[in-house]
Amino acid sequence: MDENNKKLFGTSGIRGKVGAEVNANLALNVGKSLATYLKNEGTVVIGYDTRTTNKMLEQAIVAGLMEGGINIIKLGMVPTPLVGYATIKLGANAGVMITASHNPSQYNGIKLWNPNGMAFTPNQEAEIEKIYNYKAYGNVSWEFIGSVTHNSEIKKQYVNDLLDAVNIEKKLKVVIDAASGAGSELSPIIFRKAGCEVTTLNSQVDGFFPGRNPEPNAANLQNLMKVVVATGADLGIAHDGDTDRMMAIDEKGNISEFDKLLAIISKNFGGTVVTTVDAGLCMDEAMKEVNGNVVRTKVGDVAVAESIIENDATFGGEPSGTWVHPDFCMCPDGLLSGLRIAEIVSKEGPLSELLEKIPSYYSIREKITCSKEDKVRLMKSMKELLTNEFDDIKEINSIDGIRLTFEDGSWVLVRPSGTEDYIRVTLEGKQKKEQNLLDKAVCLLLKIICKTE
């Protein structure tokens, strides 16, 4: 695809395979574009995770920013939430995080942050992309190029503010699996300072992720599950590559169901909480217990953060474990998420028992390989195809993909992944007798997609 016409930003910043999609030239020009967007003045903080290609991309984007008159504060290897936090605390005009989050080591990417700690919105990204595509870069004279400084003290301030945000009432035994990612150093330190007895897995910094893939799912967390049981731990905490996400393992060694874990912390906040269109029915049922309500928005932390502000919500999160804590920062924070789950466990009892109190429903999640170009084409006709296939439709939500809600409360969602080459299909039903219906629905949806191709 011609570089001048390609789409830079997905659901979570710029992301792709190094060399083929993400390279030093792209980073240089993104730096120039961001400098131009900032009107060629101000300060930008920049950090990166543990990937082996990070310093290459950092040097390139820093060069582009400096050429555009921007001063740089380098944070070094840090979790993504620390970049959002530092953007606020250091009074920067923007933040840059170099990461591909949960993607494998051959991927990398760039994500941009606002002065309030929230990621750039789609409209802001579109402005950056327009500058990038047209090479409409602003210039400064040689004597006004930007400067570079380093700040390591902000880490201490971040740690102290995290500890002030929680109160873990009793000493918990916690196993932390940092995936050799950006939380490898800070996560164990913070949990120990919070009063926990910590055992670590994959907490050596290594951009090849030798211990496990950085995606914190059941397939990649088998060792963590075993170690939690073997050590008699109260809790297991797993992070992704840049530590903006968290997944928990209960004391029995079971991975928490994504929706249920989200429901537990949402209940703890109460009021209005924000989640995404792919979140399950248990969220609604759990919030009813505390007289709260649920607002659903597009998938992605930016959409969640925007909806939190719009609805004056107490909390917001995705089932994936990407959670935004507006009382702390508008950047998703896997460290704070883990601490707050530990706090709830310390006060309310074992995680397995808390999870059992959240209602369970029958669900199916599938993904179908589909190129970026085909995803756009397929989704244009998906609404008509789906509504023709199903009866008893109560509601159609097209805010992100197509979500059909049926009269009995069951629902079907078909949406394109914003970070990977997949179409995702999610279904959920309230009663066991609906399992056959859901199985049939998956088959129908797969046929629809294949026919459309």
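Entry 1. I looked up helix α1 (residues 24–37) and helix α2 (residues 54–67), whose axes come within 7 Å and cross at roughly 35 degrees. Axes here are lines fitted to C-alpha atoms, for helices over the stretch in contact, and angles run from 0 to 180 degrees between N-to-C directions. The crossing of α1 and α2 is right-handed, that is, the near helix is turned clockwise from the far one by less than a right angle. I listed contacts (heavy atoms within 4.5 Å): residues of α1 including A27, L28 and G31 meet residues of α2 including A60, I61 and G64.

Sources. This is a predicted model, in which local features need pLDDT of at least 70, side-chain atom pairs count only at pLDDT 80 or more, and totals for chains, interfaces and linings use all residues. Residues are numbered from 1 along each chain as its sequence is written, and side-chain values use heavy atoms, with hydrogens and water left out. Helices (H or I, at least four residues) and strands (E, at least two) are DSSP runs, numbered from the N terminus.

Entry 2. Which residues of α5 are buried (under 20% relative accessible area, with exposed over 50% and partly exposed in between; 1.4 Å probe, protein chains only)? I found I154, Y158, V159 and L162. They cover an arc of only 140 degrees around the axis, so they lie on the same side of α5; the arc is that of the directions from the helix axis to the C-beta atoms. On the other side of α5, I noted K156 and D164 as exposed. The buried residues of α5 pack against β4, α3, α6 and α11.
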